[in-house]
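Let's take a friendly walk through a structure together. Keep the viewer open as you read.

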Amino acid sequence: MTQTEWTIEKDEKELWDAREFWWWAEKKRSARLNYLRKAVWSKATKGSTWLPGVQLDLENIRWFTRVFKEAPASEPFVITRAKALAAVLDHMPIFITDLSRIVGYPGSAPHLITWIPTASYIINEDLVNDRTGIIPDEDLEEAKEMAAFWKGRTFQDAVEQYQSRKERTQKLMGRPGGTGRDLLAFDYVTPQPEWMYQGFDSIIKTIDENVAAAQKNMVEARTAEEQVANIPKLDTWNAMKICIEAMIRYARRFSRLARIIAENFETDPERRQELIRMSEICYKVPAQRPEHLWEAIQFDHFVQIAYRLEWHNAAWPWRQDYWHWPFYKKDVLEDKIMTRDEAIELCGEWMIAAYTIGKSWARGGREALQGSPGPYVWTLGGLDEEGNDACNDLTDCYLEAALITRVSDPTFGFRYSTKTRPQTLRRVFECIRHGLGYPSIRNDDVLIPNLMHWFGHPLEEARRWVHQACMAPAPDTKWGAPPIRYPNASVYGASLAVNLAIFDGVNTQSGLQVSRKTGDSSKFETFEDFYNAWYEQMKDAFEWATSLEHRNRQVEALYYPKPMTTSLYERCVETGQNSALCKERSSLWYTLFSFSETGDCLAAIKKLVYEDKKYTMDQLKEALLANWEGYEVMRMDFVRAPKWGNDDDYVDQIYVKVYEDLAKMSWSVRDINGQPWPTLPESVATFVLVASLPALPNGRRMGDPLYDGGCSPGPGLDKKGPTAVLKSVGKLDHVGTVRATLLNQRLSPTQLTGEKGYKLWTEYMKTWHDLGIDHVQFNMVDNETLYAAQKEPEKYSELVVRIAGYSAHFVEMSRKTQDAIIARSVQGLG
Amino acid sequence: MKCIHCGYEGPVESFRYLYNVRLDEPTGNRECPKCFGWVLVDHTTEEAAPDELQGRVPGADLRK
C-alpha cells in the first residue's frame, strides 16, 4: 500500500489532526473543484525551468509577426499593435475545460504559455535557445525566424537607443540586477473598477464621442496648437477601440463555443444548462455591465486575459471582496439565487483558473519567483473609503475557498486594522495554520498614512489601496491606479553596497568599476567615514536605476504604447493619452532586493574594525576576497557580532539610521510627476537568486543564501524569540522611511493548535500592530514535513510554503531554496 | 579531506563550495570534484561532517 493510499483512507478528522491539510482539502472540496484543481498545468518554474510538459504557445508571436510584417509603413505603431492583438483575439484557438464555469486563457491550450514578442529581444533569444523542449522541434525554425524578425523591433530595442554603452553593459553584467523594464519586461496593472464595470460598449461610446469631438475640433480650430493637438489622441483612441472591440468578439467566441457544446455534445442536462448560462454570460460581459457575481468574475477574468495577451503581467492587483461585494450581496443574501457554498466554490474555481496562468518572461524573473507562476496577490479586507471595516461575507468566502483549493497562486494580502471583525480574522488564521503561508498581513493603520505621506493621496483614496504585487500598495482610483510596474528601477542584492564601499566601487567578481569611487576604505579613520561611503554606493545604484526608469517610461509613452491597457483607464480615455503618457499620481517604489543583511554587515565592521580594532580593513578585504576560505575563526567573529532581530540597540540603531537615510535618498530623486522614490526592502526568491553575490562582512560566503525578507533577521540569527524580533523591527519608522518592508516569521504548528493557538496568535498580531510594523507573513509547516517532502517529493506535491512575498509548492523549488526555508528559526509564542 | 561518496581525497578547496544556509554554523555543502556528490563539510576541522549530519540542513532541529 502506498503512502498516498494510506493517507487518503484517513477520514477528515484524522487528516486534520495529523495536519495533513492537503489531503483534508482534497476530501473537503467538491468533485468539480477537485477535477479542476488536478487538471492544472502549473506554470511555476523550478529554478528558472518550467515543469515538464509546459511549452510555449506560438499563436501570439505568429499573429503579431504577420500583422507587423503586413502593416503599411505609414501606420502608427499603436494602431498596428492594436490590430495585432485583435488578430490574436480573433484567431487564437479557444477551449473550455470540462466542468469549468470561468473561461478564457492567454494561450491556445492549457499547457501552453503565450509568447509576447514585443517585449525584449533577449527574452526572445533566450526562449528560442532554451534546451528544455519548450518549443516543439517542428516549430523551432519558425520560432527562430520570428524571433529574428523582432530583433530591432522590441521595447528593449526602443529603450536601448537612449542608454549609453556603459549603461547597457552595466545592466547586463556589472550590476547585481538593476533596471528591469526592458530586460524583465513586465508590468503590474491596477484597474479602476468603477470605470471598467460600466462595460466595454459604454467605453466605446465615450471613445466615439471623443473622436467625433476631436475631429470636429481639428478642422474648426483656429490655432496651430489646437489643429495638431488631437492627432496623437485620435490614434490612441482608435487603437483603444480596436482592442476592446476585439475583446468583446473574443468573449463572444466563448459564448458560441459554450452553446455549441451544450447543444451538440453535452449529455448531462445540468452541465448543459450551465453551458448555456456561460454562453449568455460571455455574450454579455465584458461588453455590458456585470450584474451578478458569476458575471463579475468572468468579466474580471477576461480583463486579465486581455492584459496578458498584450504584455507580460506579473501581478494581479485586485480587491475582489470589495469590488464584488454588491454582486455577492444581491445574489446570495438578497435574491438568494446562489447559496454561500456555491459562492465559495465559484471563488475557488476562479483561484484555480488564475493559478493556470503563467508567462514567458525573463529567466532572471523566473528564478527570482521560482515555484510561482505569479505572484498574484489578491487584496482582501481592510478599511472602506469612510474608514469602516470593509470585511464582509465574501472576504470569508475567499479565505474558505483558499483552504480547499490550496493553490500557491493567487495568494492573499490581508489588510489588518483594529476594526477587523473577529470572524474574518479567525479565517485568516486558519489559512495560515493550514500551512498556506498566506494571507500575508498588512497594517492598514500604517500603510494608509504611508501612502498619504509619500505621495499625497487623499485619505479616501489611500483607503482604496490594493497590492501592486507582493507588497506595495496603490489606490484603484481614477488618478491613483498605476498602469506599470514601478520597481523596474530596482536593485538585486542591495547588500552589495557594503562590499562596494569596501572595494571603492569595484565589483570584486567582475573586476569592473561598476559604481562611483568612494575612497580607499583602508584609509577611513572612523565608522562614519565608512558609513558615508556605503550611503554613496547606495545612492549611485539608486540614481542610475531611477534615471533609466524615467527614460524607459517616456520611451513607452512616445513610441511603445499599450492600447489595451490604456483603454481601461478613465483618465486615458478622457485625455486621449496612452497609459504611460497620462500620468497617474505615482505610487513609486525602488525595490531593494536582498538588503536586510546590510545593518548586520555595518554593525560587524563598526564593532570589529573601528571599535574593538580586532581586525583591520585590509584583513577584512583579504578574507572577503578569499570568500572566507581559511578565515573560519575570523568569519565566526563577524558572525557573532551583534545581529538584527534580538532587540539589541547596538545593531538596531544602525538599522534605524539606515532606514532614515534611505528616506533622505528617496526624496533626493523625483519622477516626472515630481513624486519621490521610496524604497521597498524585500526579497521574493532573490535571497537564493543573488547568492552569487561576493562574500559579505556578516560572515556570509559567496553562494550562501541571503536573508529572506526586507527586514527579516538572518536564518537562525534571531535567537531571543518572536517578541525580540518584533521589537527590533518595530524600532523602524514604517510610515516615513520606506514604502513597505517584508517580515518573514516561522511559527510552530504544534503550538498553535486549537483555541489556545488562535489566542496566542491574536495576541502576537496585536503586538505587531501596536508596534507599527507594516507587514508580516508566516510559515507554519514543521521541519519533519519539509524533510519528508525533500526525500519523497511525489508524496508532498501539494505542500505549500511561504517564500518571501509569495507562496509556492515546496517540491517545485530548488534544493537550496528548500534548505533556506527549513533553516529559518521556528518561533515559539507565549 | 575525503569524499563520503567516492573516497576521493584532496584539500578542502578542491571541493567546490556550494552553500551554507546558517551563517552561525561552521558547516557548508561542497561538491566533490570527482563524483560531484555533495558533502557537508565542517570548516573548523576541514573534514566531512559526521554521517548523521550529511544531507541535513545545518541548524534545522528535527524535534521542532
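This is a predicted model: local features need pLDDT of at least 70, side-chain atom pairs count only at pLDDT 80 or more; totals for chains, interfaces and linings use all residues.

Residues are numbered from 1 along each chain as its sequence is written, while chains are lettered from A and ligands numbered from 1 in the order in which they are written. The model has an ipTM of 0.89 and a pTM of 0.94.

Now to the fold. Chain B has four strands and zero helices, where strands are DSSP runs of E with at least two residues and helices are runs of H or I with at least four. Its radius of gyration, taken over C-alpha atoms, is 11 Å, which agrees with the value near 11 Å for a compact globule of 64 residues (the rule is 2.2 Å times the number of residues to the power 0.38). Along the principal axes, the C-alpha atoms of chain B fill a box of roughly 35 × 20 × 20 Å.

What about contacts, meaning residue pairs whose C-beta atoms, placed from the backbone, lie within 7 Å? Among those in chain B between residues at least 6 apart in sequence, 42% join residues at least 24 apart. Across the interface, 19 residues of chain B are in contact with 27 residues of chain A.

Definitions and conventions. Two residues are in contact if their C-beta atoms, placed from the backbone, lie within 7 Å.
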